[in-house]
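Take a walk through this structure with the sequence and the 3D view side by side.

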Amino acid sequence: MLKKFNVTGTCIPNKHYIVDISKKIDKIMELIDGEEYFVINRPRQYGKTTTLFLLDNKLKESEDYFPIKISFEGIGDLIFDDENRFSKGFMKILERTIEFENVELSKFISSNKEGVETLDDLSYFITKFVREINKKVILMIDEVDKSSNNQLFLSFLGMLRNKYLLRSEGRDCTFHSIILAGVHDVKTLKVKIRSDEEHKYNSPWNIASDFEVDMSFSKEEIMTMLENYVEDKKVILDKEYFSEKLYFYTEGYPFLVSKLCKIIDEKIMSDGEFIWEKEYMDIAVKEILKDSNTNFESLIKNIENNEELYDFVKRIVLDNENINYIKTDNIVSLGSIYGILKEKDGVCKINNKLYEQLIYNHMMMKVIRQDKKQES
Ligand SMILES: Nc1ncnc2c1ncn2[C@@H]1O[C@H](COP(=O)(O)OP(=O)(O)OP(=O)(O)O)[C@@H](O)[C@H]1O
Ligand SMILES: [Mg+2]
């Protein structure tokens with residue numbers, strides 16, 4: 001079966017044309033080897049889940065590691081009702097995840113479930129569990145955004161943090177490394193939910209090291225996907241030209257890169273044709289802006305839902321204002337979390353040219369409608 005460009009969820013190397021991200025994986029491996037706990041916090045469709053998937057595969061290749069990749073997506077809210085439910089629920093997720101590959105270990109979890117009723121019991125179970133495995137156990141939790149609004153989840157992180165601290169004193173045995181993935185940084189979320197003064201600045205995840213791996217694709221990385229495509233489908237294209245242009249329009253935003261390629265491959269190139277003409281690039285840009293997609297919808301929703309952010313972005317896009325990029329500012333920070341804003345030479349810029357055009361069209365339309373109203 002021929003591979004395809006993928007724009008919905010995880011990219012699987014033997015099904016999809018993908019960018020080779022092994023350099024990013026290597027950098028993440030360094031953090032893991034350093035026993036770090038961290039959050040891969042990046043905007044929507046920035047390749048977080050794909051990265052965890054590839055990382056999980058890589059870790060499995062080695063005898064030294066025992067990776068466990070879970071997601072809190074779709075588990076419902078009941079699990080967060082009380083400690084008892086949560087602790088048992090967490091063990092159940094572990095059990096099911098491990099069952100596929102290691103029946104013995106999943107039985108071990110099952111036989112321990114009985115006595116676990118509190119987070120403290122769960123903590124002790126984790127110690128026994130990690131001892132039982134006797135390898136470097138790496139816990140990866142994807143989609144933490146929904147759960148991180150929850151007090152119980154934060155207490156769970158607090159418990160893991162405690163174990164991390166005890167481990168450094170040589171007094172506990174716990175996960176070698178923990179990786180959370182989501183749009184928000186857990187450190188920034190706690191302020192919103194914890195109202196009492198004491199906890200306000202005491203993040204349950206303040207042990208986390210900064211995650212500075214650049215998750216966008218460089219021009220060279222984009223070229224690896226084109227090479228993969230050319231080799232597989234025998235299409236003729238100028239790799240240098242297209243990787244440069246794809247980077248130019250997207251700044252390497254993973255979803256946008258794959259989406260443009262998919263449009264050229266499946267919409268623009270006619271059946272039986274196996275060549276990417278240079279003008280296809282501009283046609284693809286027009287196409288992507290013409291139709292909506294989940295990524296654009298969530299971008300527009302994020303600006304429309306926050307008046308201050310809307311006005312701020314408007315000043316950059318319509319008024320061409322140069323506004324200093326101050327990371328600690330709420331709106332600058334929010335715009336960056338959503339992947340709308342980025343810093344360039346100390347100034348706030350829109351993340352990429354496609355977003356800039358999209359936002360310009362969207363906002364300009366309002367101005368035009370306003371003008372029409374005033375005329376009549
Ligand atoms: N290595 C890659 N090569 C090519 N495209 C990729 C790669 N990684 C991600 N993408 C593109 O980005 C899209 C989103 O990827 P993924 O689901 O991994 O991101 P995410 O950050 O987990 O998204 P979400 O925030 O929705 O959970 C993919 O469907 C694909 O179009
Ligand atoms: Mg994801």
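In helix H12 (residues 280–290), the buried residues are Tyr-280, Met-281, Ala-284, Val-285, Glu-287 and Ile-288. Seen down the axis of H12, these buried residues fall within an arc of 165°, so they line one face of the helix. The arc is taken from the directions that run from the helix axis to the C-beta atoms. An α-helix has 3.6 residues a turn, so residues three or four places apart point the same way. Lys-286 and Lys-290 are exposed on the other side of H12. Buried means under 20% relative accessible area, exposed over 50%, and partly exposed in between (1.4 Å probe, protein chains only).

This is a predicted model: local features need pLDDT of at least 70, side-chain atom pairs count only at pLDDT 80 or more, and totals for chains, interfaces and linings use all residues. Residues are numbered from 1 along each chain as its sequence is written, chains are lettered from A and ligands numbered from 1 in the order in which they are written, and side-chain values use heavy atoms, with hydrogens and water left out.

What do the buried residues of H12 pack against? They pack against helices H10 (239–250), H11 (254–268), H13 (294–304) and H16 (353–375). Contact means heavy atoms within 4.5 Å. Helices (H or I, at least four residues) and strands (E, at least two) are DSSP runs, numbered from the N terminus.

Now turn to ligand 1. Of the 22 residues around it, Asn-6, Arg-44, Lys-48, Thr-49 and Thr-50 come nearest. A residue is near a molecule if one of its heavy atoms lies within 4 Å of it. A backbone N or O atom of Asn-6 lies 2.5 Å from an oxygen atom of ligand 1. For a backbone N or O atom of Gly-9, the distance to a ligand 1 oxygen atom is 2.8 Å. Thr-49 uses its side chain: an N or O atom there is 2.7 Å from an oxygen atom of ligand 1. The elements that give two or more residues to the shell are helix H2 (48–61) and H11.

Single residues come last. Ser-123 lies in helix H5 (residues 119–133). Ser-123 is buried, with a relative accessible area of 12%. Leaving aside neighbours within four places in sequence, Ser-123 is in contact with Met-159 and Lys-163.

Asp-345 sits in the loop between strands E5 (341–344) and E6 (347–350). At 74% relative accessibility, Asp-345 is exposed.

How values were computed
A polar contact is a pair of N or O atoms within 3.5 Å; within protein, one must be able to donate a hydrogen and the other to accept it, and residues adjacent in sequence count only if both atoms are side-chain atoms.
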